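Here are some notes for a colleague who is opening this structure for the first time. Please read them with the model in view, taking the points in order.

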Amino acid sequence: MVISVSIESENRDIENSMKETARALLKEKKVDVIIGYSKGTVPLSSAPILIRNVDEVERLVWNNLCYINLAKYLVPRIPQLIDPEKGDLNVGIITKGCVGRALIHLRTENQINLENVIMIGIPCNGIINRKKIEKEIGENEILELFTSGNEIIVKGKDFEKKFSFEDYVNELCKVCKIKAPPKIKELQGSYVGECQEVSSIDDNFEDLTEFESKPTVEKWNYIKDTLQTCTRCYACREACPMCYCKLCFVDQNKPIWFQKTTEISDIISFHLVRAMHLAGRCVACGACSSVCPVGIDLNLINRKLEKIVKERFDFTSGIDASKMPPMMEYSMDDAEEFMLEED
Amino acid sequence: MHNPYIPKLTSIKDVVSENKVNDIKTLELEFQNDDDYKKFDYIPGQFAEISLIGKGECPIGIASSPTEEGTIKFTIKKMGTVTTGFHACEIGDIVGVRGPFGNGWPIEDMKGKDIVVIGGGFAFSTLRSLVVYLLDEKIRKDYKKITIIYGNRDSGEVLYQDVLEEWKKRDDIEVVLTIDREEKGWKGKVGFVAPIVKEVGPSSDNAVVVVCGPPIMIKTTIQVLEDLNFNDHQILNSLEMRMKCGIGKCGRCNIGNKYVCIDGPVFSLAELKNLPNEY
Amino acid sequence: MKSEIGKLYIELNEEFNFYAPIKVKGNLEFKKILNPDDIVLDYYNSKVPPKEILFPKTDILFEYKTDGKNVTEIIERTDLDEKNIIFGIRPCDAHSFVILETFFAFGDVEDEIFLKKRANSLIIGIGCNTPRSTCFCTSIEGHPFMKDDMDIFLVDLGEKYLVEGISEKGKELMSRLKWLSDADRKDIKKARELYEQAEHSIETKLDLKDINKILDPHFEHPIWAEISDICIGCGTCSFLCPTCTCFDVIDEMDQYHNKGRRFRIWDTCQFCLYTLHTSGHNPRDSCIERCRNRILHKFCYYPENYNMLGCVGCGRCIQLCPVNNDLRVIIEKLNSIKTKKEEKVSA
């Protein structure tokens, strides 16, 4: 991962250009509302914000704590983005790479009309792993966090600590190859800053090698260990743009497929089945892990499934709106070795 | 203190199918323990949480009147998992009962007044309880004129046809039945409940009117009643809400600062107008 | 002395279930402890509140046996009479137990499961020397050193703890701990200094005076759409709130062994399915109604029903909301309705 010399000056440039573009879009009435990020009221956070007029554009920010995947607010569309008479409002959306992937994949799944969505594409250089930093700092309140050079500086009442940016971004961001949204004709809008054009991803998933080499018992223990503190608040599900089902499988009661208790068997069932439902659909934004109140990191599970889908079906979600996700179609060439007996 | 979440066990004494399409049944339950029956001291309009232990629990209005001794009755429509389970039950099966819950119809305040009972469709369940109670020989004299207006989609949907026949024969109660559309052989009125109420034109003088039914029927009927000069305190409604615990603890039936399972389900229109529009 | 916590544990853990704050996978949680060395008292606050000790995320209501078709026996809980020590909780959380108890005891039918456990529990709390920037207990008539809701109150004086018996039960327990030494004037003075220091360090001040009077007439105000626009409808704020009590009831059947359980799990009015009727009608169909309900419930309906606010000022919802929908910002916006109204009147 190439880190630029000064992350925060890069961010500032992006932020300024982003605001300029946002102002122009609102002034020219190309959009009715812009969804972006604003400064969080607690350190290590940011808050999504809806901007409706040019004066409010000042409130938009861009930094390495913009972890929410904004595509979430479009599917299903929140009532604040619908006009009771005119219908869907024209929406501008601050789009980092994974948000762009989400929009494209939602288009592929026919869940979104991109004609009234205008993206302000942004190259993201990674989201800081706030839970990891909080765990490192321990029981000391963090009052301020900022980037300087290629370091993250964390300040409290009577301490100051430095972390390497490279090591303390989200695990998924460390291996991210799509920093800016892919350029496809369906996703209209403009780019701000230096955005690489991406039409395919060259990912060798080598970050998984260590985990894959572990014996099964250890892998299972890792999964149990990671998930055991889950409170079943479903913040991960609600933050995920791909979890848009009106009735989630875990809420169904005709029949009850899986229980909702905090017993380890029920917790594992929920998370593993949800991961399966996201196979070939997850856009690796890491919002699920960023929002978990107890700091559960689902990256390994989702990434492993992404690898399997890539190997078996040569598919990566959210890059090419014309390619059908493998779980939504079949081909006569699909691998069948798990079904057929060896001859 | 006792654990309010433990159901008392009852066994099914009888199952009666109430409508032609057979998706509404009345279960007659007998407590396994006589003490439990004695403690189940209820008034019309209350409900109980009945369970198929292992499947789930649901709040159902008590259809029998406390004057019908020995057993309690619940009329259940097949809608969700638990109610479908109830429909598959046979005589002798075990049903858990917790209750009675809710405030019930205000039978004390209703004394000495005319009672107008307006019901639509399946909601007639707790109205049956009320009317059977009012007609009890020891109780009838405490109330004045009783008028029932009961509407249904078609004749196959009319519940409790056995007791309705008995009531029709009496001279101390007026029974008006109506169905939505003309049907061969139907001797009652034809039309939606609201216009029939207008036609019957009950007097609002010293009267209480009880309305139960689907939301659209309630809305249109209340308009007619207001035209007939009934005020908000005279119109009573039994509210349907999602409920789980029945004792005001799980929070599901909470509207404003009220819990439908303890402050209701019976509310006067005046009280409903004070509540936020979240029901 | 701080090292004597172990003595306390050894003395009490035979008779009581000893719950204390420990670190589990980097998170501070209140758990029944096996080793007093694990206890952490130098902390801001846990993420999951100690309500989970008496009102667990998964709470069995009863167990039952069947004959393959019908229930044959209902087996009630036998552990409700066990005695508990709830050690090392903060004054805001101690106050939450008062609110929880009021709620579960309200009305004709009381929740025996919670109340029995509560009656058998002793609270040994500890004052907050350094409240967090998001704490606002003083705005709800609380205080980082409020001890009224505890049985025994501890103050961290640095090398030792000042121990004070507050309730009769607390004083009686203290008298059993013969190894406690008397506090001297210096200790008490230090405690007083820490008290004032803590009070002054509370930064967040919310104006909650008469908040219910502002909220009551403004049910349909457009500000609710503004306040809830980024809410994603998860359960974080409610689950981590020390006073939220909503739950769902679920039956479970093990048909291979002819037995089962009915239990309750934490639920929240923020879930879209919470008020969904089987008919399909949903009285609270969007985040607007659901966010509004939560605020009104805590700041309007609780005062109306129980004469107390349904909030203890712990700041967990502010710290942990995934979209940073900050309660302080919400209250400020709601208070601005009052000032706008006053401006209108004077103009």
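How many residues of domain 1 of chain C are in contact with domain 2 of chain C?

1. In this predicted model, 23 residues of domain 1 of chain C are in contact with 17 residues of domain 2 of chain C. On the domain 1 side of this contact, the largest share, 8 residues, comes from helix α3 (residues 91–105) of chain C. By class, that side has 12 nonpolar, 7 polar and 4 charged residues.

2. Turning to the contacts between chains, 34 residues of chain A are in contact with 39 residues of chain C. On the chain A side, β2 (46–51) and α7 (235–239) each supply at least two residues, and β2(A) provides the largest share, with 4 residues. The residues of this side divide into 15 nonpolar, 11 polar and 8 charged.

3. Chain C also touches chain B, with 38 residues of chain C in contact with 32 residues of chain B. The elements of chain C that give two or more residues to this side are β3 (58–66), β4 (71–75), α4 (112–119), β9 (247–254) and α10 (287–306), and the largest share, 5 residues, comes from β9(C). By class, the chain C side that touches chain B has 19 nonpolar, 9 polar and 10 charged residues.

Terms used. Residues numbered from 1 in each chain as written. Chains lettered and ligands numbered in written order. Predicted model: local features only at pLDDT ≥ 70, side-chain atom pairs only at ≥ 80, totals over all residues. Contact = placed C-beta atoms within 7 Å. Nonpolar A, V, L, I, M, F, W, Y, C, P; charged D, E, K, R; others polar.
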